[in-house]
Amino acid sequence: MESTSRRFDGPLAELLTLRDAGTCRTPWCNATIRHLDHVQRATDAGPTTAANGQGLCERCNHVKETPGWTTWVAHPSDTTRHEVHGVTEHLRMTRSTSPPLPGGPTGGWDYSPAELHLASTYTLAT
Ligand SMILES: [Zn+2]
């Protein structure tokens with residue numbers, strides 16, 4: 001689902017809010033969604049699509065705009081679970097997976113223990 005508008009509105013906004021269960025996608029935030037955000041910024045040619053959209057609380061959306069932050073959709077063609085990866089200005093990696101869809105597969109991507117460890121602790125700083 002996509003829109004020619006820069007804003008996520010109408011059915012696309014409802015889809016993103018339902019997919020993200022009304023909760024901010026930043027790990028451990030759990031605040032109510034206030035902004036529907038482009039994972040790849042619209043100013044960087046990010047499309048207004050379900051794959052490139054995510055629900056964030058106001059605080060997390062403003063923090064995400066901090067210079068040095070980068071986010072991307074991990075598996076844009078996957079339709080089971082929406083996953084966003086990011087790197088903060090302090091070179092910390094983040095990963096956010098949408099909640100499972102009702103009646104859909106409950107599992108996310110299978111990662112090895114080593115991949116999970118790297119995803120939670122790896123920094124690009126040497
Ligand atoms: Zn948040």
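A search of the whole structure finds 0 disulfides, a disulfide being counted as a pair of cysteine sulfur atoms within 2.5 Å. This is a predicted model, in which local features need pLDDT of at least 70 and side-chain atom pairs count only at pLDDT 80 or more, while totals for chains, interfaces and linings use all residues. Residues are numbered from 1 along each chain as its sequence is written, and side-chain values use heavy atoms, with hydrogens and water left out.

The SG atoms of C24, C29, C57 and C60 coordinate the zinc ion at 2.3 Å; donors are N, O and S atoms within 2.8 Å of the metal (3.2 Å for Na, K and Ca), and sites may look incomplete, as water is not among the atoms. Along the chain these donors follow the spacing C-x4-C-x27-C-x2-C. The angles among the 4 donor atoms run from 99 to 117 degrees, and the site is tetrahedral, a label given to four donors if all angles lie between 85 and 135 degrees.

C24 is buried at 5% and C57 is buried at 6%, whereas C29, at 28%, is partly exposed.

R25 is likewise buried, with a relative accessible area of 5%. Its contacts, excluding residues up to four places away in sequence, include Q54, G55, L56 and H82, contact meaning heavy atoms within 4.5 Å. R25 and R95 are 70 residues apart in sequence, yet their C-alpha atoms are 9.3 Å apart in space.

Terms used: Tetrahedral: all angles 85-135°; square planar, octahedral: opposite > 155°, others 65-115°. Buried < 20%, exposed > 50% of the residue type's maximum accessible area, 1.4 Å probe, protein only.
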